[in-house]
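Take the sequence and the model together. Start with the overall build, then go down to single residues.

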Amino acid sequence: MNELMPLYRGAQVKAMDRTAIETLGIPGYTLMCRAGEAAWRLLRQRWPAARCIGVACGPGNNGGDGYVLARLAKAEGFTVVVLAPPGTSPRAKEARQALADWRAAGGRVETFDGLLPEADVWVDALYGIGLARPPSDAARAMIERVNASHRPVLALDVPSGLDADTGHAAGAVVRADVTLSFIAAKRGLYTGMARDFDGEVRVDALGLDTARLTDDAPAAWLIRPDGLSRWLAPRHANAHKGEHGHVLCVGGEVGMGGAVRLCAEAALRTGVGLASVATRSAGVAALVAARPEAMTHAVEDAAALAPLLERATVLAVGPGLGQGDWGRALYAAALASGKPLVLDADGLNLLAAAPRPLPQAILTPHPGEAGRLLGLTSAEVQADRFAAAAALVRRYECVVLLKGAGTVVAAPGEVPVVIGAGNPGMATGGMGDVLSGVVAALHAQHLPAFEAAVAGALLHAAAGDTAARIGGERGLLPSDLFPYLRRLANPE
């Protein structure tokens, strides 16, 4: 489990902080000083040429962390400007002590008057994890000025304005280059809107053993590409294709044959023993020419699909399926087969039109499809991706892979997993078809559904990142992932 990083809700981290103070006997101001010291070390490391440091301090303990950093920077001879919203002063005794120590060191606090002083780097210490509402008018104006300055920003704990649990924001948000999260990682920093604002996220435990501070399970896990090897061990020397499963890709309505072809090739590149395609007669010749390794069948009705369903290990249903009579008939036959399946694209749209539990399924919706499955808007899904994934699991009683920045994988009885890979270049038509083939292939290779969804999403995202590093994000095609799927499916 070393490759999995625990993620927590803000309330859980606050409880850890209280435990460290009340049970371990560590003074709260000591922890605040550790936070300020950790942030100052990181700032010096990341921006060694900076000589003038701006610190935006709010009234809570996050502001106290900022006062500590300011004092340390001043003690080392840096020019430091501390700025606070008008009419605010520290509330907690630790933050008041930090402000007193800053002033005792000769520091001043300037009241924000609409203008932002010059600084080489800004430190965001306005709100941290405590904000459950849009920022005040004065703080909003400060945030907007900091963002408009185009200076590097170090956010302490959480970029101000961002919800630490959901990664969403109802108002202005500091756009950070680096976020230093204290004690433990907050789950909201790794998905959705947060990925536009938190930059590089680092975690400093402040010298605490977080495992000793809570009996709670993490609110989520984060997994990164170095975790792939746990699922992709080398094959034994006497392996044969029958051991590695048979994926049947169902889709490819007239004019959409490329989608099912992408799905089938992705399954093959991910190591499935056999891949078949059930598609319209008009698309067979093109599919055979493009990828002869996929066994392509002309299927014009559910009766013709029946023998293919019987031979398959896992079904991938939806890429290019359409929602016409042909697509609906094949969709119904696939669900009636009871076979394990990955449901995507028009398969999800057909499910949304007639919701039902699908315990044998892995659903792979993007936010728009998730909204249709739940009767919500895409914006409502994005406002709390963890809650949306959980609601999908409850309604459909199956594994759910909610795509997007920081893909969330959830399942009955499982702690959700956030995929720590992927890039904006993957937001293009056809990427979901590739993902369906990858997940189906891993499921067919005997990974349980939840693990197949996690490993498949991770492999797919890592391949996208590798392709983007070589050729750039803009213009990235789904088929560009194929060489890297194969490479990454064989970790050394």
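Helices (H or I, at least four residues) and strands (E, at least two) are DSSP runs, numbered from the N terminus. The model is predicted: local features need pLDDT of at least 70, side-chain atom pairs count only at pLDDT 80 or more, and totals for chains, interfaces and linings use all residues. Residues are numbered from 1 along each chain as its sequence is written, and side-chain values use heavy atoms, with hydrogens and water left out.

Begin with the whole protein. It holds 16 helices and 19 strands. Its radius of gyration is 26 Å, close to the 23 Å that the globule rule gives for 492 residues, so the protein is as compact as a globular protein of that length. The radius is taken over C-alpha atoms, and the rule is 2.2 Å times the number of residues to the power 0.38. The C-alpha trace spans about 85 × 45 × 40 Å along the principal axes. Glycine 106 belongs to the loop between helix H4 (93-104) and strand S4 (109-111).

How much of the protein is buried? Of its 492 residues, 56% count as buried. Buried means under 20% relative accessible area, exposed means over 50%, and partly exposed is in between (1.4 Å probe, protein chains only). Glycine 106 is partly exposed, at 49%. The protein exposes about 19800 Å², and carbon and sulfur atoms supply 51% of that area. These areas come from the Shrake-Rupley method with a 1.4 Å probe; for residues, only the protein chains shown count as cover.

Next, the contacts. Contact means heavy atoms within 4.5 Å. Among contacts in the protein with a separation of 6 or more, 70% join residues 24 or more positions apart.

Now look inside. Nonpolar side chains tend to be buried together in soluble globular proteins. A nonpolar core here is a set of buried Ala, Val, Leu, Ile, Met, Phe, Trp, Tyr and Cys residues joined through side-chain atoms within 4.5 Å. The largest such core has 59 residues, and Ile419 and Leu485 have the most contacts inside it. Helix H15 (residues 449-471) gives the most to this core, with 12 residues. Apart from this core lies another, of 58 residues, including Leu189, Ala370, Val393 and Cys398. Return to leucine 485. Leaving aside neighbours within four places in sequence, leucine 485 is in contact with Ala266, Arg269, Thr270, Val434, Val438, Leu459, His460 and Ala463.

Two backbone positions deserve a look. Most residues other than glycine have a negative phi. Aspartate 157 has a positive phi, near 75 degrees. Glutamate 397 also has a positive value, near 55 degrees. Where do they sit? Aspartate 157 is in the loop between strand S6 (153-156) and strand S7 (178-182). Glutamate 397 is in the loop between helix H13 (385-396) and strand S17 (399-402). Aspartate 157 is buried, with a relative accessible area of 10%. Glutamate 397 is partly exposed, at 42%.

Alanine 302 is in helix H8 (residues 302-311). At 29% relative accessibility, alanine 302 is partly exposed. Not counting residues up to four places away in sequence, alanine 302 touches Ala329, Leu330 and Ala333.

Alanine 138 is in helix H5 (residues 137-149). Alanine 138 is partly exposed, at 22%. Which residues does alanine 138 touch, not counting residues up to four places away in sequence? They are Pro85, Pro86 and Phe112. The C-alpha atoms of alanine 138 and glycine 114 are 8.3 Å apart.

Finish on a strand. Threonine 296 lies in strand S13 (residues 295-298). Threonine 296 counts as buried, at 16% relative accessibility. Its contacts, not counting residues up to four places away in sequence, are Val277, Thr279, Val284, Leu287 and Val288. Threonine 296 and serine 281 are 15 residues apart in sequence and 9.7 Å apart in space, C-alpha to C-alpha.
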